[in-house]
Structures are given as C-alpha cells and as structure tokens.
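Dear colleague,

Please find below the structure that I am handing over to you. My findings follow directly after it.

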Amino acid sequence: MSKGLAIIMFSGEAEKFIPLGVLAQTAANLGVPVRVFVTGWALPYFTRQKPEPRFSKEFEDMVPKLLEGLKRLGAPSWYEMLRDAKEVGDVKVYVCSLMAEAAGVRKDDLDPIVDDVVGATTFMTMTSGYQVIFI
C-alpha cells in the first residue's frame, strides 16, 4: 500500500466534488494520510466567497434525481465530508500558489478548510510515494 493518498482537485464541476469528499473521508477513516492539492477551476470553491458548484451539461438531466437521492440518504455535502475527514484523520488541504497568484487570491481569501498555499514542487515532494488521484 502507498504511504497515503494525494488528490489533485482541478475541476470546478459539482459532480467532481462528491468523490473528493467521499475519497478523503474514506481514506481518513481507514487511517490513510490524505493531501489535497487545489488548483485550476476548483480554486474558487475553496475561498470564503465560494460560488455554488455547477453540474456539467452532460449530467444536468441526472442532477435532480441525484440530489433527491443524496438528500433522501442524508448524505453530507462534499464540504462537510472533507471537513469531517480533517477532524478524523491526517488530512491537509493545500492551494496551488501559482493558481492563487494568477487569480489574485490571497491567503486571507481562502476558506478555513485550507491549511496552506504551496507550490507544485512542495506538494509533489511531500506526497512522494502516495497514490495520486486527479479529479
């Protein structure tokens, strides 16, 4: 087994945030360290002024049924799952320094769930030997 799980969160599509929460929470519950690197179109969703995630066009027909099912199951939001994962296990969330600078996002603009702003080299060094998932 790898040393941990590295999740690179690039997408800003709502359907991609659900697996982020599920995988982070599951790994944390199994005692697996998790490191999340937020970059690309995911960055706005990790700020204090986060927009409401939008589903991609290819899934829009499925969205009402999916949301109804998640509500019926009492499933927590992706954010709640990630927050709970941080409380349960060794889970850290990092924002890409290049994307933050390019987007004009300062450290104090970030949601409290974010642990730090780091570069890709730092993230890759700290997650050497981890299983990598790109979302």
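In the largest nonpolar core, which has 28 residues, those that touch the most other members are Met9, Phe17, Leu20, Val34, Val36, Phe46 and Leu82. A nonpolar core here is a set of buried Ala, Val, Leu, Ile, Met, Phe, Trp, Tyr and Cys residues joined through side-chain atoms within 4.5 Å; buried means under 20% relative accessible area, with a 1.4 Å probe and protein chains only. Two or more residues of this core are given by each of β1 (5-9), α1 (14-29), β2 (34-38), α3 (78-88) and β3 (91-96). Helices (H or I, at least four residues) and strands (E, at least two) are DSSP runs, numbered from the N terminus. The largest share of the core, five residues, is that of α1. Another core, of eight residues, lies apart from it and includes Phe37, Val118, Phe123 and Tyr130.

The model is a predicted one: local features need pLDDT of at least 70, side-chain atom pairs count only at pLDDT 80 or more, and totals for chains, interfaces and linings use all residues. Residues are numbered from 1 along each chain as its sequence is written, and side-chain values use heavy atoms, with hydrogens and water left out.

As to the overall fold, the chain holds five helices and five strands, and its elements run β-α-β-α-α-β-α-β-α-β from the N terminus on.

The strands form an open sheet of five in the order β4-β3-β2-β1-β5, with parallel pairing; two strands pair if DSSP finds at least two bridges between them. At the edges stand β4 (116-118) and β5 (131-134), each with a single partner strand, so one side of each has no neighbour in the sheet. β1 and β2 run parallel and are joined by five bridges. Within this pair, Ile8 has Phe37 of β2 as its bridge partner. Against the sheet packs α1, which touches β1, β2, β3 and β5. α3 also packs on the sheet, touching β2 and β3.

Contact means heavy atoms within 4.5 Å. Leaving aside its neighbours within four places in sequence, Val36 is in contact with Ile7, Met9, Leu20, Leu82, Lys92, Val93, Tyr94 and Phe123. For the chain, 78% of the contacts between residues at least 6 apart in sequence join residues at least 24 apart.

Finally, 40% of the 135 residues of the chain count as buried. The C-alpha trace spans about 40 × 35 × 25 Å along its principal axes.

With kind regards

Technical notes: Buried < 20%, exposed > 50% of the residue type's maximum accessible area, 1.4 Å probe, protein only. Axes fitted to C-alpha atoms, helices over the stretch in contact; angles between N-to-C directions.
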